[in-house]
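This report describes one protein model for a reader who has not seen it before. Please look over the sequence and the structure first.

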Amino acid sequence: MISIRTEREIDILRQANAIVAQAHKQVAKLIVPGTCTRELDEIVEALIRDAGATPAFKGYHGYPASICVSIDNEVVHGIPGKRMLRAGEIVSVDIGACYKGYYGDAATTHPCGPVDAVRLRLLDITDIALSRAIKAAKAGNYLNEIGTVIERTARQAGFDVVRNYVGHGIGVEMHEDPQVFNFDAGEAGPRLEEGMVLAIEPMVNAGTCDVRVKRDNWTVVTRDGKPSAHFEHTVVVRNEGGEILSWCDDPVWGIRDE
Ligand code: MF3
Ligand code: CO
């Protein structure tokens, strides 16, 4: 069952997501060579708690941190630790918060210093895929139009979308119905209605879509070792297309209009 949220609930979801966006804004300034990923986690956890919210990921199925930091060949769910960022890497940061019982969830991928052309294009294409998907989060469309446009965008660029992990409904739980595939699932799925709230999160690989989980039982990496990018926004379905609740003014992602 896909929940339809009232405008009052959407306001609280917007507040939860604003906390997530504030955290992204602070993190962005620290994506420089030499930053330790654990530092990022500590800063975000403090910011979320100071805002009167709780980190949504911490303790979720035993996840040990408040954010996920996934570098280069890491796709998602990288655990912050002693590792330091290096120039040339791309760094996905995923942040979730729960505020007054409602969830915010958003991710973006940063270049650390100058990065090569493939990585730059991978960031570009994944952001464009998310932007198109948000436009497709329009009342009256079928859910599958979201995954279809993401897959088409990635493939046209010669990239591939991860199939083992998907976006999701979000509201009073971090993961609610429906699953939001990043590919054409082969059937239209439910019709989207105003007030449905979705976390849309394409993961795009420079090589093939094959992934595996590392020995830490969390970190998802590409099997071919090639880089991967991940962009996510929490979005409410509107008649005009998706409205971004996790809006961040710096950096901005998910609104690419080519
Ligand atoms: N944005 C991710 C998701 O929606 C983050 C989950 S990390 C976890 O699934 F640790 F909480 F699982
Ligand atoms: Co998510």
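How are the donor residues of the cobalt ion (ligand 2) spaced in sequence? Their spacing is D-x62-H-x32-E-x30-E.

This is a predicted model, in which local features need pLDDT of at least 70 and side-chain atom pairs count only at pLDDT 80 or more, while totals for chains, interfaces and linings use all residues. Residues are numbered from 1 along each chain as its sequence is written, chains are lettered from A and ligands numbered from 1 in the order in which they are written, and side-chain values use heavy atoms, with hydrogens and water left out.

## The cobalt site

The protein donors of the cobalt ion (ligand 2) are Asp-105 (OD), His-168 (NE2), Glu-201 (OE) and Glu-232 (OE), at 2.1 to 2.3 Å from the ion. Donors are N, O and S atoms within 2.8 Å of the metal (3.2 Å for Na, K and Ca); water is not among the atoms, so sites may look incomplete.

The site of the cobalt ion (ligand 2) is irregular, with angles of 63 to 169° among its six donor atoms. Four donors count as tetrahedral if all angles lie between 85 and 135 degrees; four count as square planar and six as octahedral if opposite donors are over 155 degrees apart and all others between 65 and 115; anything else is irregular. Ideal angles for six octahedral donors are 90 or 180 degrees.

Asp-105 lies in strand E5 (residues 102-111), and Glu-232 lies in the loop between strand E13 (228-230) and strand E14 (233-236), so this pair ties together parts that are 127 residues apart in sequence. Strands (E, at least two residues) and helices (H or I, at least four) are DSSP runs, numbered from the N terminus. Asp-105 is buried, with a relative accessible area of 3%, and Glu-232 is buried at 0%. Buried means under 20% relative accessible area, exposed over 50%, and partly exposed in between (1.4 Å probe, protein chains only).

Strand E4 (residues 90-99) is mostly covered, with ten of its ten residues buried. Ile-90, Ser-92, Asp-94, Gly-96 and Cys-98 point one way from E4, whereas Val-91, Val-93, Ile-95, Ala-97 and Tyr-99 point the other way.

Strands of a sheet pair through backbone hydrogen bonds, either parallel or antiparallel. Two strands pair if DSSP finds at least two bridges between them.

| Strand paired with E4 | Bridges | Example of bridge partners |
|---|---|---|
| E1 (residues 54-55) | two | Pro-55 and Ala-97 |
| E5 | ten | Val-91 and His-110 |

The hairpin of E4 and E5 has two residues between the strands, and Lys-100 there takes a positive phi near 50°.

## A five-stranded open sheet

Which strands form the open sheet, and in what order? Five strands form this sheet in the order E8-E7-E9-E14-E15, with antiparallel pairing. Strand E8 (176-180) and E15 are the edge strands, each pairing on one side only. Strand E7 (residues 167-169) pairs with E8 over three bridges in the antiparallel sense, and Gly-169 has Glu-176 in E8 as its bridge partner.

## Backbone features

Most residues other than glycine have a negative phi, and most peptide bonds are trans. His-61 has a positive phi near 50°. His-61 sits in the loop between E1 and E2 and is exposed, with a relative accessible area of 67%. The phi of His-77 is also positive, near 65°. His-77 is placed in the loop between strand E3 (74-76) and E4, and at 24% relative accessibility it counts as partly exposed.

Asp-177 and Pro-178 are joined by a cis peptide bond with omega about -5°, and Pro-178 is in strand E8. A cis peptide bond also joins Asp-250 and Pro-251, with omega about 0°. Pro-251 is in the segment after E15.

## A surface patch

Val-252 is likewise found in the segment after strand E15 (243-244). Val-252 is partly exposed, with a relative accessible area of 37%. Together, Trp-247, Val-252 and Ile-255 make a nonpolar surface patch of about 280 Å². Accessible areas come from the Shrake-Rupley method with a 1.4 Å probe; for residues, only the protein chains shown count as cover.

How values were computed:
Patches are made of residues with over 30% relative accessible area and no salt bridge: like charges are joined within 9 Å, nonpolar side chains (Val, Leu, Ile, Met, Phe, Trp, Tyr) within 5 Å. A salt bridge is a side-chain nitrogen of Lys or Arg within 4 Å of a carboxyl oxygen of Asp or Glu.
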